[in-house]
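The structure comes before the notes.

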Amino acid sequence: MSITAIRGFNDILPGDSDIWRRVEEEAYRIFSGYGFSEIKTPVAEKTELFLRSIGETTDIVEKEMYTFQDRHGDSLTLRPEGTAPVVRAYIEHKLYTAPVSKLYYTGPMFRYERPQKGRYRQFYQIGAEVMGDESPRADAEALSMLMSFFANIGVAGVELQINSLGDANCRPAYKEKLKAYLAGVKGSLCENCLRRMDTNPLRALDCKASGCIEATKDAPSIVDSLCEGCASHFGTVRKYLKLSGIDARINPRMVRGLDYYTKTTFEITSTGLGSQNAVAAGGRYDGLVKELGGPETPCFGFAIGMERVALILKETSAISKKPLTVFIALGEKAEEASVAILKAWREKGLKVMEDFSPGSLKSRMKRADRAGARYTVIMGDDELAKGEVSVKDMRTSAQEMLSFEAAAQRISLG
Ligand code: ATP
Ligand code: MG
């Protein structure tokens, strides 16, 4: 029996990888225009980092982490998300000596979830963190950047939902209010929510169980319980979103799956994905850097789900690909001359593959077709002597003799 990939771990094959590359390049381009630089952190961290940051009573820590002991007996965890590692690196390398650090990252994350369309056990995120800025304008600017990114790569039908989770000033009182409310609807809550009711009652608002959704319909809204500072912060975020021309729907039930969030949280959904429809999410985490041993540092960050973005683009968008040309040299002189011609064409940015196989011209043309060639260029010793090649348009079957220069021009057209 042959060996297959681990369940929930995917190969990204040619074709799809073109979409991935476009998405990544567009993200780098846009993010760097806002002053972000890339950071790369390891795929594994000490388990303790995630226990202390994500929160012990979250789904991720309770049941989704890939945790194992290395040969020395140390507990390691494959990163389930990118923010905690970035914060760890930020503190470890004293990046806080700069007034604001704007960092982005991309790479695989690991969560032991039920694999399904748009949900995998190894999945990729592109994320960004603004570290050291408490202004609500930083939240709005990062959101605006994210919306530009989606517009630029051609993801349509996106909706931004925002909420504020308050802070250490106002959340404790809200938690108590919510606890009291949940106590009244105890009978309808799932086991998980019952168990977490005292330690982490907010999780009930995020629960997907139908009983919990129904039972928490009339739960008190956190937006109504914000202290003055948090309410004003939230108001300014909304004002600056409006100034950026962005519509946001306020969703007071959105609490997100990580415990470190404070104030602004958000999620961006897209139509056309079915139930796994969140394409990006994030929020403010003003307490995390201090919690992990660094100085007080207000931060805002987000992560984009690569697979879901790629799924959308695969179905809807016309990502323009460079046309492929297969070059067939006939005869030894033509073969030798092809080296310099192709080198020059590639330097112009053309996508050319030479066919080195033996066989009749007919069979080589067939191979070119199967390789997906948009054009085939044929050069025999005679053509070479005249400084010409024969260019065949594989879509229309039209064939013409062109100078090297004109041929290069021709095959650059899609
Ligand atoms: P969801 O509600 O879909 O489970 P989440 O709240 O767990 O998402 P985050 O941890 O905030 O998501 O991650 C940000 C983004 O990463 C999500 O919006 C989604 O696009 C993507 N993502 C999260 N988990 C997975 C997964 N298991 N497979 C693929 N993409 C994922
Ligand atoms: Mg999740």
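How far does a backbone N or O atom of Tyr120 lie from a nitrogen atom of ligand 1? The distance from that backbone atom of Tyr120 to the ligand nitrogen is 2.9 Å. This is a predicted model, in which local features need pLDDT of at least 70 and side-chain atom pairs count only at pLDDT 80 or more, while totals for chains, interfaces and linings use all residues. Residues are numbered from 1 along each chain as its sequence is written, chains are lettered from A and ligands numbered from 1 in the order in which they are written, and side-chain values use heavy atoms, with hydrogens and water left out.

**Ligand 1**

- The shell around ligand 1 holds 15 residues (a residue is near a molecule if one of its heavy atoms lies within 4 Å of it).
- Arg111, Glu113, Tyr120, Arg256 and Ala278 are the closest of them.
- An N or O atom in the side chain of Glu113 is 2.7 Å from a nitrogen atom of ligand 1, and a polar side-chain atom of Arg256 lies 2.3 Å from a ligand oxygen atom.
- Of the 590 Å² of accessible area that ligand 1 has on its own, the protein covers 89% (Shrake-Rupley method, 1.4 Å probe).
- Strand 6 (122-131), strand 10 (278-284) and strand 11 (299-305) each supply at least two shell residues (strands are DSSP runs of E, at least two residues, and helices runs of H or I, at least four, numbered from the N terminus).
- Strand 10 gives the most, with four residues.
- By class, the shell has seven nonpolar, three polar and five charged residues (Ala, Val, Leu, Ile, Met, Phe, Trp, Tyr, Cys and Pro count as nonpolar, Asp, Glu, Lys and Arg as charged, and the others, Gly among them, as polar).

**Second largest pocket**

- The second largest pocket contains about 520 Å³ of space (on a 1 Å grid over the protein atoms alone, a pocket is an open set of points where a 1.4 Å probe fits, with protein on both sides within 12 Å along at least five of seven lines; lining residues have an atom within 4 Å of a point).
- Its lining has 24 residues, and Arg171, Asp259, Tyr260, Tyr261 and Thr262 are the closest to its centre.
- Helix 6 (171-184) is one of the elements that each supply at least two lining residues, and its three residues are the largest share.
- The lining divides into nine nonpolar, five polar and ten charged residues.

**Cysteines**

- Zero disulfides are found in the whole structure (a disulfide is a pair of cysteine sulfur atoms within 2.5 Å).
- For Cys190, the nearest cysteine sulfur is that of Cys193, 3.7 Å away.
- For Cys227, the nearest cysteine sulfur is that of Cys170, 3.5 Å away.

Methods
A polar contact is a pair of N or O atoms within 3.5 Å; within protein, one must be able to donate a hydrogen and the other to accept it, and residues adjacent in sequence count only if both atoms are side-chain atoms. Grid points are joined across faces, edges and corners, and a volume is the space filled by probe spheres set on the points.
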